[in-house]
Amino acid sequence: MLDLLATPPNPTGASAPFWDACDRGELLFPKCGRCGHLFYYPRRHCPLCGDPGLGWQRMSGRGTVFSHSHVHVAFQGGAWDGQLPYTVVLVDLAEGPRMLSRLIGGDAAAVRSGDPVSVVFPQIGERRYPFFERAAAG
Amino acid sequence: MPAVGSDVVIAGIGETPVGRLPGWSPVEIQAAAVLAALRDAGFALSDLDGLINLDPYATPNSMFSSTLAEHLGVAPRFACTVDVGGTVTGMTMLQQAVWAIESGYCDVAACVYGENALTGRPAGAQGLHMHNLLGGEEWEEPFGLHGMVIPYALLAQRYLDLYGATDADLAAVALVTRRHALLNDNAQMRKPMTLEDYRASRLISSPLRLFDCSLVSDGGGALVLTRAGRAPQGRGRGVAIRAIGMKTTHNSVALMPDIPGLGMAAAGADAYEAAGMGPEDIQIANLHDAFTISVLVSLEALGFARPGEGGALVRSGAMDLGGRWPLNPHGGLLSQAHIGGMLHITEAVRQLRGEAGRRQVEGARRALVSGNGGIFSVCGAMILEKP
């Protein structure tokens with residue numbers, strides 16, 4: 001594996017706190033101050049009750065793999081050729097919401113659905129990204 | 001429910017050659033498909049007063065309905081461009097045409113999509129090269145999710161895990177659509193495929209291989225609608241739209257419901273209820289097959305198979321010509337061409353008229369056309385009936 005590659009996000013005012021927290025090594029998800037709904041991805045309102053009064057909850061960063069795919073084609077070509085194969089995962093966080101991420105580490109190719117994973121924050125260019133690694137069970 | 005009881009029918013169909021059309025622009029392709037559909041219905045160009053299209057994915061254009069109207073040489077009273085996703089775009093075009101005709105905005109409406117997605121893509125691009133943003137980029141691109149194959153691979157892996165299905169289930173869909181494409185002179189894939197061929201095709205994004213993925217195509221398809229009996233060539237040939245069901249549940253794969261909750265089940269239930277029918281009333285299944293997994297999920301959501309048993313149904317021969325529910329007799333997106341699903345609709349009309357030649361489904365009275373755009377983000381089910 002060459003150096004990790006990531007396309008930088010273009011955050012909005014609503015999502016910037018998520019990415020800024022990643023740069024500090026924290027995973028923050030938005031939580032509705034009215035109905036308590038914890039959700040992904042950040043928006044300016046709660047998608048369950050519509051309320052704009054939101055706060056942030058620090059996540060444990062632990063979860064399990066809902067699904068995964070090992071990618072063998074660089075659809076955007078160029079520098080992505082050097083990332084192949086890489087693994088994309090859907091992670092069910094311990095607190096509930098599901099997020100899409102990338103699974104890294106030497107044992108990523110052997111991942112199975114249901115495997116425990118935990119968040120890591122590799123520095124790639126100017127930012128740190130909430131990727132995951134396989135974790136010991138329990 | 002949409003279109004039930006309407007006397008607006010599909011009176012004409014038009015298709016261009018598919019595959020590589022070097023030297024053709026998207027608007028030229030769409031115009032050729034519209035002219036073919038007008039000829040099929042017996043209308044003159046000057047009869048056309050409604051025009052609904054989708055602009056090309058590879059080279060997005062704003063205001064593409066007026067681009068096409070000018071290029072054709074018509075001045076319609078009703079024109080719009082519709083972008084919903086997958087074959088649901090085609091269904092929404094039909095819905096708009098029915099409403100426009102019923103409400104008196106126009107008498108003869110054309111619905112069309114076509115482009116040069118194959119010859120028009122940049123050198124070195126892989127798969128369908130889409131210039132459009134889909135809205136989830138901030139939460140997908142940093143993690144390496146590019147294009148449509150990877151999200152469908154995540155869905156396919158979930159399907160395999162949930163039901164204990166195997167690559168033989170996915171392969172069965174690729175094989176039956178290829179068998180059917182061999183009977184279609186206007187199909188990109190004309191060589192037989194075996195299970196060994198399928199397994200030898202390269203992994204794109206596990207578990208999906210090249211032969212799990214639909215084609216990238218140049219080509220166009222068009223439908224002409226008018227009131228029953230209005231078309232000069234339409235008597236006894238107009239195909240009725242009995243029902244259209246639709247459901248939108250999400251956009252990006254991270255927010256996709258688990259398989260039993262995908263919107264196809266709700267879309268199908270609405271269509272069946274509106275038509276007063278069920279799978280037992282259907283003789284042709286033109287299911288959106290952008291990927292093999294799409295067909296397995298749709299078969300189960302639409303009641304053709306029980307959950308997890310879609311692959312077994314396909315392997316049983318039920319979806320072959322001569323079986324209970326022939327699947328995509330034209331070869332589908334997997335083996336004929338990917339024209340946004342417009343050819344699923346033109347093929348259903350051709351079959352219901354009894355004009356499909358050596359791939360004719362005997363005794364076909366009703367066809368179910370399914371569509372899904374995004375990652376089953378928007379789902380549609382439509383029932384068409386012979387005159």
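Visitor: Is the crossing of α5(B) and α9(B) left-handed or right-handed?
Guide: This is a predicted model: local features need pLDDT of at least 70, side-chain atom pairs count only at pLDDT 80 or more, and totals for chains, interfaces and linings use all residues. Residues are numbered from 1 along each chain as its sequence is written, while chains are lettered from A and ligands numbered from 1 in the order written. A crossing is left-handed if the near helix is turned anticlockwise from the far one by less than a right angle, and right-handed if clockwise. By that rule, the crossing of α5(B) and α9(B) is left-handed.

Visitor: At what angle do the axes of α5(B) and α9(B) cross?
Guide: Take α5(B) as residues 149-163 and α9(B) as residues 292-301. Helices (H or I, at least four residues) and strands (E, at least two) are DSSP runs, numbered from the N terminus. Axes are lines fitted to C-alpha atoms, for helices over the stretch in contact, with angles from 0 to 180 degrees between N-to-C directions. The two axes come within 9 Å, and they cross at roughly 50°.

Visitor: Which residues of α9(B) make the contact with α5(B)?
Guide: Two residues are in contact if their C-beta atoms, placed from the backbone, lie within 7 Å. The contact has seven nonpolar residues, no polar and no charged (Ala, Val, Leu, Ile, Met, Phe, Trp, Tyr, Cys and Pro count as nonpolar, Asp, Glu, Lys and Arg as charged, the others, Gly among them, as polar). From α5(B) come Tyr152(B), Leu155(B), Ala156(B) and Tyr159(B). From α9(B) come Ile293(B), Leu296(B) and Val297(B).

Visitor: How far apart are the axes of α1(B) and α2(B)?
Guide: Helix α1(B) covers residues 26-41, and α2(B) covers 64-72. The crossing is right-handed. The packing angle is about 65°, and the axes are 10 Å apart.

Visitor: Which residues of α2(B) meet α1(B)?
Guide: Five nonpolar and three polar residues make up this contact, with no charged ones. The α1(B) side has Val27(B), Gln30(B), Ala31(B) and Val34(B). They meet Thr67(B), Leu68(B), His71(B) and Leu72(B).

Visitor: Which element gives the most to the side of chain A that touches chain B?
Guide: Here 32 residues of chain A are in contact with 25 of chain B. Elements giving two or more residues on the chain A side are β3 (62-71), β4 (86-93) and β5 (98-103). That side divides into 17 nonpolar, 13 polar and two charged residues. With six residues, the most comes from β3(A).

Visitor: Which helix of domain 1 of chain A gives the most to the side that touches domain 2?
Guide: An automatic or database assignment sets the domain bounds: domain 1 is 12-58 and domain 2 is 60-137 in chain A. Their C-alpha centres lie 21 Å apart. Nine residues of domain 1 are in contact with twelve of domain 2. Giving three residues, the helix is α1 (residues 16-23) of chain A.

Visitor: Where is the proline of the cis bond from Leu84(A) to Pro85(A)?
Guide: Omega of this cis peptide bond is near -20°. Pro85(A) is found in the loop between β3 and β4 of chain A.

Visitor: What is omega of the bond that joins Ser206(B) and Pro207(B)?
Guide: Pro207(B) is in the loop between β5 (203-205) and β6 (208-209) of chain B. The bond is cis, and omega is about 0°.

Visitor: What is phi of Met63(B)?
Guide: Met63(B) sits in the loop between β2 (50-53) and α2 of chain B. Phi is positive in this residue other than glycine, near 55°.
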